[in-house]
Amino acid sequence: MRLIESDGKRLFSKYGIPVPKGTLWPDIPPQVNHYVVKAQMARGGRGKLGGIRFVKNREHLIETVNTFLLQGLAGEKVEYVYIEEQIDIVKEFYLAVTMDRDIGALSIIATPQGGIEVESSSSAGLLRLPLDPLSGYQPTQGRKLCSMLGLEGNVAAKVEAIAAALCQLAITEDAILAEINPLAVTTDGSVIAADAKVELDPNAGFRHPDRSGYVKTEEPSDFERQIAKAHSVGVEIDSGGNILGIVSGAGAMMAILDLLASHSVRVRAMVDLGGTANIDSKAMEIILEATDKLNPKAVLIAGYLQTAHCDRLAQAIVDGLNRKPLKAKVLVRLKGRGDDLAMQILGGNGLVAERNLANVIQRAVEIASQRENDHGDIN
Ligand code: GDP
Ligand code: MN
């Protein structure tokens with residue numbers, strides 16, 4: 001879960017990382033002459049989009065806030081606006097702690113070119129320091145970091161303390177990203193986090209009941225909520241799509257999305273039943289009810305099961321469809337353990353059933369590209 005800047009900065013403060021004086025609108029930080037007005041949205045690059053405005057008085061401040069709230073930014077609604085004291089920046093760095101999936105550990109990442117989006121710049125000049133999962137941050141890493149950033153003395157000591165605190169935050173809060181871009185050095189030699197981008201690992205939510213206090217940036221849709229009731233994962237993808245997939249596992253989901261995308265098929269939504277597709281007819285009924293509400297033209301159910309049983313999934317599909325018949329064409333692909341029996345069960349109930357994924361993808365492509373007024377039978 002991605003935190004808005006304001007929540008990210010509160011978390012920074014909690015760990016002793018200096019941030020500019022700031023409040024969430026309608027509060028205004030007291031005793032401030034020059035303000036920065038910042039649209040709070042779960043994406044970076046707001047500076048370039050005009051989401052960061054510098055204002056010199058309260059009238060201009062209120063005007064700017066109202067513009068954000070009424071007009072949004074880059075086509076997106078702005079619900080929260082953060083008001084900060086403007087700081088005098090002389091130098092900007094990039095400093096982050098992020099989960100490095102290649103080595104399976106948190107890593108410090110830094111570059112002297114702060115401010116810009118590092119992901120879009122080259123990785124040359126990027127320092128990576130993996131954290132030992134047992135011993136965590138080491139002071140020698142802080143020194144390496146400062147020598148790479150070309151820092152000495154007081155400023156270096158402050159950056160080292162911030163790096164240590166950022167590591168502590170990432171570990172304690174189960175963050176997969178804690179990013180400061182820019183980490184700003186000001187005219188008076190302070191080092192301040194001018195921005196905060198924090199992403200928390202949703203799988204560690206059970207360890208952090210206090211997370212409910214953060215502003216929610218991604219509300220699950222009705223569809224996603226319904227699917228969760230069937231202990232599966234629903235993902236709405238493209239409101240203009242007309243094909244819906246129900247698949248066994250996230251890998252299968254990605255592969256099928258890729259296949260459909262390569263045929264320019266727009267996918268309305270996906271349901272991940274999990275790799276074992278261990279689903280009973282009641283859960284299948286819930287999934288089919290939610291599916292029907294999205295009005296897809298075709299529903300592609302695809303399972304590739306080795307330890308679980310295709311025939312059990314086939315039976316759940318048949319029973320589920322008896323309880324909740326769909327308006328959409330249903331295409332089923334099952335392969336693996338028990339697929340002979342699965343084909344019998346599905347075929348006996350008049351369903352299109354295949355072992356070959358390419359065949360059902362082909363059918364889905366045909367249905368997706370049919371015009372609305374074309375009622376011809378594609379069988
Ligand atoms: P982002 O574009 O969404 O990453 O938003 P940031 O919060 O990082 O702001 C973009 C840029 O605005 C920063 O890189 C800074 O150069 C500048 N900026 C933000 N806050 C301040 C501030 O208080 N003073 C000054 N001088 N510049 C700021
Ligand atoms: Mn930034």
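## Basis

The model is predicted: local features need pLDDT of at least 70, side-chain atom pairs count only at pLDDT 80 or more, and totals for chains, interfaces and linings use all residues. Residues are numbered from 1 along each chain as its sequence is written, chains are lettered from A and ligands numbered from 1 in the order in which they are written, and side-chain values use heavy atoms, with hydrogens and water left out.

## Shell around ligand 1

Ligand 1 is surrounded by 17 residues, each with a heavy atom within 4 Å of it. The closest are Lys-38, Arg-46, Gly-47, Ile-87 and Glu-92. By class, the shell holds seven nonpolar, six polar and four charged residues; here Ala, Val, Leu, Ile, Met, Phe, Trp, Tyr, Cys and Pro count as nonpolar, Asp, Glu, Lys and Arg as charged, and the others, Gly among them, as polar.

At least two shell residues come from each of strand 2 (35–40), helix 2 (46–49), strand 3 (52–55), strand 5 (89–100) and strand 8 (175–186). Helices (H or I, at least four residues) and strands (E, at least two) are DSSP runs, numbered from the N terminus.

## Polar contacts and burial

The side chain of Arg-46 places an N or O atom 2.8 Å from a ligand 1 oxygen. Backbone atoms also take part: a polar one of Asn-181 is 3.0 Å from an oxygen of ligand 1, and an N or O of Gly-45 is 3.4 Å from one. The protein buries 84% of the 560 Å² that ligand 1 exposes when taken alone, by the Shrake-Rupley method with a 1.4 Å probe.

## The largest pocket

The space taken by ligand 1 is the largest pocket, with more than half of the ligand's atoms within 2 Å of its grid points. A pocket is an open set of points on a 1 Å grid over the protein atoms alone, where a 1.4 Å probe fits, with protein on both sides within 12 Å along at least five of seven lines; lining residues have an atom within 4 Å of a point. The largest pocket holds about 610 Å³ of space, the volume filled by probe spheres set on the points. Of its 33 lining residues, Lys-38, Ile-52, Asn-181, Pro-182 and Asp-195 are the closest to its centre. The lining divides into 14 nonpolar, six polar and 13 charged residues.

## Backbone features

Asn-181 and Pro-182 are joined by a cis peptide bond with omega near 10°, and Pro-182 lies in strand 8.

How values were computed:
Polar contact = N/O pair within 3.5 Å; in protein donor to acceptor, adjacent residues only side chain to side chain.
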